[in-house]
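Okay, thanks for coming, everyone. Have a look at the chain on the screen, and I'll talk you through it.

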Amino acid sequence: MAATVKPAAGMSQILEFMKLIGQLKRVPRTGWVYRNVKNPESVSDHMYRMAMMSLTITDPTVDKDRCIKLAIVHDMAECIVGDIAPADNISKAEKHRREEATMRHLTSLLPEGLRGEIYGLWEEYECQSSTEARLVKQFDLLEMILQAHEYEELERTPGRLQDFFDSTQGRFHHPDVLQLVSCINEQRGHHMANAGGTKKSEKLQNCATASEEAATSPHTS
């Protein structure tokens, strides 16, 4: 029979922390919800790919480990406050106040060392006070437009989510990020061009069919 291990002091609070952040898997990204995207990604989905962007960055001057930590912490407060979008008409100051209070609550469930580290990472991202924080912010926007591109492909609606791309104009600076943005735009351009050609062909086919039907139909007086 397996021995029963008594939980260490404070472990129940860590479990509560894990349950709270687990809610991020069930919080949909508000921007996609408002645009009626089918099966929108969760906040957790978004942060995971940002972490992978951090892991695969080729710049040797970047602290990858710190970028990964920033990526998985930056939206943590949304497990309680939700994903507050610009369309919600909540001021940046109020959004920050809610998220700060939530982060203080979440980190209070952790041992002192972790408490300071995780809150500090969130604050670093919020204040954009390091090179890594500024890069991860670019990953945040990059992941958003990549997801928008994928939704346009999946739903066969090229160009429908253009406003998400427009909101990132002039906000990308790192060479690796700029190259990925260029790749996305190139793929998206082909997708839109192909869709435009298909629609044009369908329109021409419909016109041809209508002409044939008119030619073979008896005229009425």
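I'll start with the overall picture, then go through some helices, a few rings, one histidine and a couple of loop residues.

First, some ground rules. This is a predicted model, where local features need pLDDT of at least 70 and side-chain atom pairs count only at pLDDT 80 or more, while totals for chains, interfaces and linings use all residues. Residues are numbered from 1 along each chain as its sequence is written, and side-chain values use heavy atoms, with hydrogens and water left out.

So how confident is the predictor? pLDDT is its confidence in each residue, from 0 to 100. The chain averages a pLDDT of 90, and 85% of the residues score at least 70. A contact, by the way, means heavy atoms within 4.5 Å. Where pLDDT is low, the predicted coordinates should not be read in detail.

Now the layout. How many helices and how many strands are there? The chain comes to 10 helices and 0 strands. Those are DSSP runs numbered from the N terminus, with helices being H or I over at least four residues and strands being E over at least two. Of the 221 residues, 36% count as buried. Buried means under 20% relative accessible area, exposed means over 50%, and partly exposed is in between, using a 1.4 Å probe and protein chains only. And if you take contacts between residues at least 6 apart in sequence, 67% of them join residues at least 24 apart.

Let's zoom in on α1, residues 11-22. Helix α1 has 12 residues and reaches 16 Å from its first C-alpha to its last, close to the 16 Å expected at 1.5 Å a residue. That expected span is 1.5 Å times one less than the number of residues. Which residues of α1 are buried? They're Phe17, Leu20 and Gly22, and what covers them includes α5 (78-81), α6 (92-108) and α7 (112-127).

Over to α6. The buried residues of α6 are Glu99, Thr102, Met103, Leu106 and Thr107. They cover an arc of only 125 degrees around the axis, so they sit on the same side of α6. The arc is taken from the directions from the helix axis to the C-beta atoms. And what do those residues pack against? That would be α1, α4 (64-73), α5 and α7.

Next up, the rings. Rings of Phe, Tyr and Trp (its six-membered ring) pair if their centres lie within 6.5 Å; planes under 30 degrees apart count as stacked, over 60 as edge-to-face and the rest as tilted. By that rule we get 3 aromatic pairs. In one of them, tryptophan 32 and tyrosine 151 have ring centres 5.1 Å apart and planes at 75 degrees, so that pair is edge-to-face. Tryptophan 32 is in helix α2 (residues 30-34) and tyrosine 151 is in helix α8 (residues 131-154), which puts them 119 residues apart. Tryptophan 32 is buried at 1% relative accessible area, and tyrosine 151 is buried too, at 5%.

Tryptophan 32 also pairs with phenylalanine 164: the centres are 4.5 Å apart and the planes are at 35 degrees, so this pair is tilted. Phenylalanine 164 lies in helix α9 (residues 162-166), so this pair ties together parts that are 132 residues apart in sequence. Ring pairs link Trp32, Tyr151 and Phe164 into a cluster.

Now for that histidine. Is histidine 46 buried or exposed? It counts as buried, because its relative accessibility is 0%. Histidine 46 sits in helix α3 (residues 43-56). Leaving out residues up to four places away in sequence, histidine 46 touches Arg29, Glu41, His74, Asp75, Asp140 and Glu143.

Last stop, the loops. Asparagine 89 is in the loop between α5 and α6, and its phi is near 60 degrees, a positive value in a residue other than glycine. Asparagine 89 counts as exposed, at 71%. Arginine 156, in the loop between α8 and α9, has a positive phi as well, near 55 degrees. Arginine 156 is exposed, with a relative accessible area of 75%.

That's my tour, thanks!

Note on methods:
pLDDT = per-residue confidence, 0-100.
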